[in-house]
Amino acid sequence: MAQDSNNSEPKQIGLLVQFDDPDSLLVACDKVRKAGYTKTDAYTPFPLHGIDEALGIKPTKLPWIVLTLGIIGGTVGLLLQYTTNAEFYPFIISAKPRFSLPANIPVIFELTILHSAFAVFFGMLLLNKLPMFSNPLFRVPEFARATDDKFFLAIDVTDDKYKPNKTKEMFEGFVGQTGVIDVFEDPSPNELPVVIKYIGICLAVAAIIPPLILWSALNSTSGAPRINPIRDMDIQLRADTQTQSTEFQGRPSVFPDGRAMRPRIPGTVARGEWTDPVLLTGIVPETAEKNVIFLQDEEPAKENAEKPAEEPKAEDKPAADKPAEEKPADAKPMDEKPADAKPEEAKPEEGAAPTPPAEPEPNWVKFVPIEVTSETIKRGQNRFNIYCSVCHGYAGEGDGLVSRRAFELIDQATPGMAWLPPTNLHTDAVIQQPDGKIFHTITHGIRKMKGYGDQIPPEDRWAIVTYVRALQKTRTGTPDEIPAIKMKELELKGQ
Amino acid sequence: MGGHHKPTITVTDDDSIRLGPGWQTVRYIGLYGGVSLLILATILGVISGKEYLYFSYLTSFIYFLSISLGAVFFVPIHHLSRAGWSVVVRRVAELLSQNVITMAVLFIPIFALVVTGDHTLFEWNNPALWSIDSPEYDQLVALKFPYLNPVFFAVRAFIYFGVWIAIARYFYLRSLDQDSNGDKQTTLTLQKWSSLAVVGFAFSATFASFDWLMSLDPHWFSTIFGVYFFAGCALSFFAFMTVMLFLLQKNGTMSHCVTREHYHDLGKYTFGFTLFWAYIAFSQYLLIWYANIPEETGWYLRRQSNGWAYVAIALVFGQFFIPFFGVMSRHVRRNKYVLSGWAVFILIMHYVDIYYIVMPQVAGGTAPPTFGLIDLCCIFGIGGLYISQLIWFATDKPLVPVKDPRLSESLALHNH
């Protein structure tokens with residue numbers, strides 16, 4: 001450099017030439033490039049077509065950065081899901097394989113986009129050497145108009161072709177130039193101010209403290225109650241179900257016996273909660289007084305475990321009180337046993353091993369206790385097709401999809417596999433069952449069949465019973481059972 | 001940008017922007033070849049089974065219809081967004097959209113099948129499925145009867161073609177008027193009506209895809225299907241237009257006004273819609289795969305059995321991964337030779353896409369994928385008529401809207 005660099009005179013670092021119109025700038029850029037200068041840059045108030053070519057700026061590498069990071073993002077998304085779902089925490093969701101690509105694609109896609117977007121944003125900053133807090137050009141007063149109406153071309157003195165006077169001469173010779181300006185180094189010190197330096201050190205040290213606390217907490221035990229920084233609704237003066245009510249924050253417990261809620265009084269029914277027990281159980285109660293079921297009444301644990309909750313009444317009253325007209329439908333003599341009789345077994349059916357008929361049969365309801373209309377049967381068909389047909393088949397022949405699939409698996413030579421098909425609802429054993437018993441089976445299940453009492457409301461269960469009866473009638477019915485007017489209709493249809 | 005560099009390039013209305021005489025030969029080859037190939041296809045169909053012929057005809061029909069529908073979408077969108085870059089290529093798109101008229105004529109056989117009660121193609125057209133007394137009674141089809149019945153089907157087909165032809169003719173004829181009178185007001189009028197046209201297109205194309213593709217399996221439904229079909233329309237349109245411009249320029253037409261910048265923009269659209277197609281196709285697949293409802297999965301199950309899985313995988317790679325990375329680079333998009341090559345590839349894969357939607361329904365979904373003489377006859381038969389009609393529409397018309405106020409902006413297009 002020809003410039004002397006003592007402290008009083010700042011070092012020249014560049015040369016700036018100003019234009020009033022973009023065309024002159026483009027011509028100048030072209031000339032500068034052809035003269036072999038490379039450390040050049042142009043500043044314009046708006047993006048200028050052709051400036052890249054005129055200055056000889058190489059195409060940006062940004063697309064490659066984006067592509068690379070996009071591919072990395074997609075790979076990370078895939079590996080993240082593979083490792084978490086299939087390796088570290090294998091978990092079957094929706095009966096899909098642990099590692100199933102379709103479910104993973106949205107995350108792969110999102111991470112690809114996220115990484116690409118970050119690559120664009122940070123890559124752009126990086127390639128433009130941003131953020132730059134200060135530029136010597138900003139110290140040139142004329143340069144402010146680069147964002148308004150002037151066009152500038154700058155050259156760095158470190159350029160190989162730069163010759164102090166020759167370059168300046170060349171710049172002054174440009175057509176349309178309105179000024180050639182020397183750019184000098186910023187004389188202000190470029191060390192960090194001491195205050196900022198120490199504040200920075202302090203902040204860095206302070207930033208280590210939280211991780212240290214976390215680290216020590218992770219590696220030690222403490223008897224102190226946990227810190228709850230955001231209380232919000234975390235701790236409330238409210239007793240949850242099944243919890244004890246104890247003294248809390250100086251307040252007494254809700255009830256002296258430590259309960260948080262009061263149980264319902266045995267033998268009472270809350271307003272609007274009474275339901276005909278026959279409708280709920282399919283069993284006609286044995287006494288006149290005990291024809292209400294109190295769901296809240298506590299029962300012996302054994303009963304709860306082994307016997308449906310809805311039929312405890314036989315235990316309390318002697319069976320002699322039973323109304324005489326309600327005979328068990330299967331005409332089996334009622335074995336009047338005391339209250340703690342063993343829970344009744346399922347009635348033996350075809351295919352099952354015969355069990356000694358020693359157990360008492362409850363007093364089943366013979367006919368559905370709800371009003372039967374064609375709507376009921378349609379509702380029953382609808383529910384039957386939803387809940388029952390998968391096993392029993394749409395016609396109730398015990399050939400539902402589950403059963404067919406099971407036989408298919410056996411056919412595919414799965415050794416030692418046995419399958420007892422679901423009950424055919426058209427067998428005599430089922431036909432002769434009283435309606436209440438079928439209802440009971442739907443409610444509580446039988447053998448392998450699970451109970452549907454929790455899923456299907458009682459009215460719908462009775463509707464299903466009705467529909468099962470209708471299905472059976474399709475096999476057992478005779479023409480004389482059809483009302484004459486319907487028969488006439490059928491004859492007219494030619495059937 | 002800015003007020004500087006305002007280009008003052010214009011296009012003069014002369015032979016350089018009109019079809020060369022050589023195209024008339026192509027037109028007659030397409031016309032006579034197309035008619036005779038369709039007759040041959042019919043004969044082959046009568047011999048070897050009409051069901052395959054019907055499905056194959058529908059595949060080719062939908063294929064070429066979708067290209068024109070892409071044009072029916074593109075022209076109003078151009079006006080709606082006040083696009084500058086695409087003025088030069090808009091007339092070509094307008095001419096492509098005219099071919100919905102050709103497709104309306106080619107729809108007559110399908111229309112006749114449905115109206116005469118044939119249910120080989122559309123299973124739901126079988127009265128035995130609707131009547132409760134029939135042993136074949138199908139509740140799901142019966143419940144859809146208010147929509148899927150021959151009368152309403154026919155009415156809808158009239159509406160669809162009515163809307164498409166109205167859009168295509170209106171924008172084309174007003175644009176031709178502008179060529180002669182140079183009225184700048186025309187541009188504003190067309191912009192005003194373009195919003196309505198886009199809405200009309202969206203509804204008609206969606207429901208047409210429901211009627212002619214989705215209802216092939218009357219049990220199946222997919223709410224995204226219209227978008228899926230639209231993605232294919234737009235993609236095939238941009239690919240077809242690229243090839244068309246390339247061929248026109250190769251024969252010396254429009255060579256001075258369509259530049260690499262326009263190819264670059266068409267390439268961007270092709271690239272974008274490749275991704276969009278994959279996005280929509282996968283969205284449809286993912287939800288059905290995850291929910292696992294029998295009515296929905298049946299459609300995909302059929303397309304994964306009997307060898308159809310290979311076609312599905314071919315689509316995943318051929319319609320997405322390969323062209324996606326192929327058209328990703330701007331150097332590819334700015335080279336009309338390479339871009340046209342990719343466009344041809346995409347057009348072939350678009351046929352596979354339509355084939356994959358339609359053909360697995362042959363023989364109730366039990367037939368493996370086959371490709372034979374009937375398919376070839378249908379593609380080249382309908383394709384021949386399509387091309388010949390396109391040339392007929394374009395004959396003696398300026399292929400650039402010479403007095404469009406934004407023409408100079410389009411000619412001076414420069415991508416960043």
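## Two helices of chain B

In chain B, residues of α2(B) including B:Ile62, B:Leu69, B:Phe73 and B:Leu80 meet residues of α9(B), among them B:Leu190, B:Ser194, B:Phe201 and B:Trp212. Contact here means that C-beta atoms, placed from the backbone, lie within 7 Å. Helices are DSSP runs of H or I with at least four residues, strands are runs of E with at least two, and both are numbered from the N terminus.

The axes of α2 (residues 50-80) and α9 (residues 185-212) of chain B come within 7 Å and cross at roughly 155 degrees. Therefore α2(B) is roughly antiparallel to α9(B), a term for angles over 145 degrees.

## Source of the model

This is a predicted model, in which local features need pLDDT of at least 70 and side-chain atom pairs count only at pLDDT 80 or more, while totals for chains, interfaces and linings use all residues. Residues are numbered from 1 along each chain as its sequence is written, and chains are lettered from A and ligands numbered from 1 in the order in which they are written.

## Chain A

Helix α4 (residues 101-127) of chain A has 27 residues and reaches 36 Å from its first C-alpha to its last. Its buried residues include A:Leu111, A:His115 and A:Gly123; a residue is buried if 20 or more other C-beta atoms, placed from the backbone, lie within 10 Å of its own. Part of the cover over the buried residues of α4(A) is α3 (62-88) of chain A.

A:Leu48 lies in the loop between β2 (40-43) and α2 (51-55) of chain A. A:Leu48 counts as buried because it has 20 C-beta neighbours inside 10 Å.

Key. Buried ≥ 20, exposed ≤ 12 C-beta atoms within 10 Å, placed from the backbone. Expected span 1.5 Å × (residues − 1). Axes fitted to C-alpha atoms, helices over the stretch in contact; angles between N-to-C directions. Parallel < 35°, antiparallel > 145°, perpendicular 65-115°, else oblique.
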